[in-house]
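Here's a quick briefing to read alongside the model.

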Amino acid sequence: VMKVDAEGVWIDLGGAQSKIKRSDLARVEIPVPPEADEAFKLHDSGQYDVASVKLEMVMGRYEGLPQDWIEQAGYMLADCHLKTNNYSKALEIFQRTEKFFPDSPRVATSVAGRARAAFGLKDYAGAVKLLGPLVADKEKVVGLTDADKNDLASACLTLGECYYAQGQKAKALESFLKVTALYDVNLPAVSEALYWSGVVFEETNNLQRAAGQYKDFLKTAAGSPRAGDARSRLQKLEAELPKSESKDS
C-alpha cells in the first residue's frame with residue numbers, strides 16, 4: 001500500500017502504481033507496521049504530541065482501510081488531539097474514523113470523544129445532544145463490559161461538566177455521582193468527577209459531603225493539576241465545619 005485517499009487505495013505492483021476503489025475492498029491484511037506500534041506505546045505512556053506525529057504518518061498511508069489496528073490508530077490520533085486541547089482537529093478525526101467504521105463497537109467511544117471535543121469548543125448543548133442518547137442506550141444494557149463502563153464514565157463526566165457550565169447543578173451532580181458510584185473502571189474520570197461533585201456540593205452548601213469528595217479526590221489524584229485547589233477548598237471547609245463533622249466526612 002502506497003497511500004489512501006477519498007477515492008481509493010494506491011498500491012505498488014512491482015514498480016507500477018494502481019488504484020483500487022474503496023467500494024471494491026472487502027478486507028485487507030496488513031501487519032502492524034513498527035511506526036504504528038511505536039505510536040500506540042507513546043499514546044499509552046501519555047506522550048501525545050510525539051504519538052500524534054507518528055500516527056498522522058500512519059493514517060496518511062492506511063486511513064480507513066478495513067482492519068482493526070487501522071481503526072484503533074484513527075481513534076488514538078483523535079484522542080491525542082483531544083488530550084492536547086486541539087479540539088477542532090480531534091472532532092474532525094473522530095468523525096472521519098467513525099465514517100469509515102460505522103458498524104464498529106468503538107462508535108460509542110467516538111461519540112463520547114466527539115462530545116468531549118464539543119465541550120472543549122464550548123458547544124455544551126451540542127455535547128449534551130450527543131451524549132444523552134448514548135447514556136440512555138448504554139444504561140439499558142444488562143452486564144456492561146469494562147469498555148462500556150469506560151465509555152459511560154467519560155460520557156457522564158462530560159455531561160456533568162456541560163450541565164455545570166450551563167448552571168444546571170442538580171443535573172451536573174447526578175452525572176458526576178454516576179461516574180463515582182457506577183463506572184469506577186475509568187480512574188481518571190472518577191478523579192475528575194470526585195473533584196467536580198465536591199465543587200457542586202460546596203456551592204450548594206452541603207459542606208460535609210464536599211469535604212468528603214475532596215478528600216477522596218486527593219487520595220486518588222494527589223498529582224493532579226487540580227490537587228492544589230482541592231487542598232485549599234478542603235482546608236477552608238475544615239475550618240468552617242465543626243470538628244466532629246470534619247472528622248466524619
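**The largest pocket**

The largest pocket has a volume of about 1200 Å³. This is a predicted model, where local features need pLDDT of at least 70, side-chain atom pairs count only at pLDDT 80 or more, and totals for chains, interfaces and linings use all residues. Residues are numbered from 1 along each chain as its sequence is written, and side-chain values use heavy atoms, leaving out hydrogens and water.

- Of the 34 residues lining the largest pocket, Asp 79, Leu 82, Lys 83, Ser 154 and Asn 186 are the closest to its centre.
- Helices giving two or more residues to that lining include H1 (34-44), H3 (68-83) and H7 (146-165); helices here are DSSP runs (H or I, at least four residues), numbered from the N terminus.
- H7 supplies the largest share of the lining, 8 residues.
- By class, the lining has 14 nonpolar, 10 polar and 10 charged residues.

**Ser 110**

- Ser 110 is found in helix H5 (residues 107-120).
- Ser 110 counts as buried because its relative accessibility is 0%, buried being under 20% relative accessible area with a 1.4 Å probe, protein chains only.
- Leaving aside neighbours within four places in sequence, Ser 110 is in contact with Tyr 75, Phe 94 and Glu 98 (contact: heavy atoms within 4.5 Å).

**H10 against H11**

- Helix H10 (residues 207-220) and helix H11 (residues 227-240) pack at about 145°, with axes 9 Å apart; angles run from 0 to 180 degrees between N-to-C directions.
- The residues in this H10 and H11 contact divide into 10 nonpolar, no polar and 5 charged.

Conventions. Buried means under 20% relative accessible area, exposed over 50%, partly exposed in between (1.4 Å probe, protein chains only). On a 1 Å grid over the protein atoms alone, a cavity is a set of points where a 1.4 Å probe fits but cannot get out, and a pocket is an open set with protein on both sides within 12 Å along at least five of seven lines; lining residues have an atom within 4 Å of a point. Grid points are joined across faces, edges and corners, and a volume is the space filled by probe spheres set on the points. Ala, Val, Leu, Ile, Met, Phe, Trp, Tyr, Cys and Pro count as nonpolar, Asp, Glu, Lys and Arg as charged, and the others, Gly among them, as polar.
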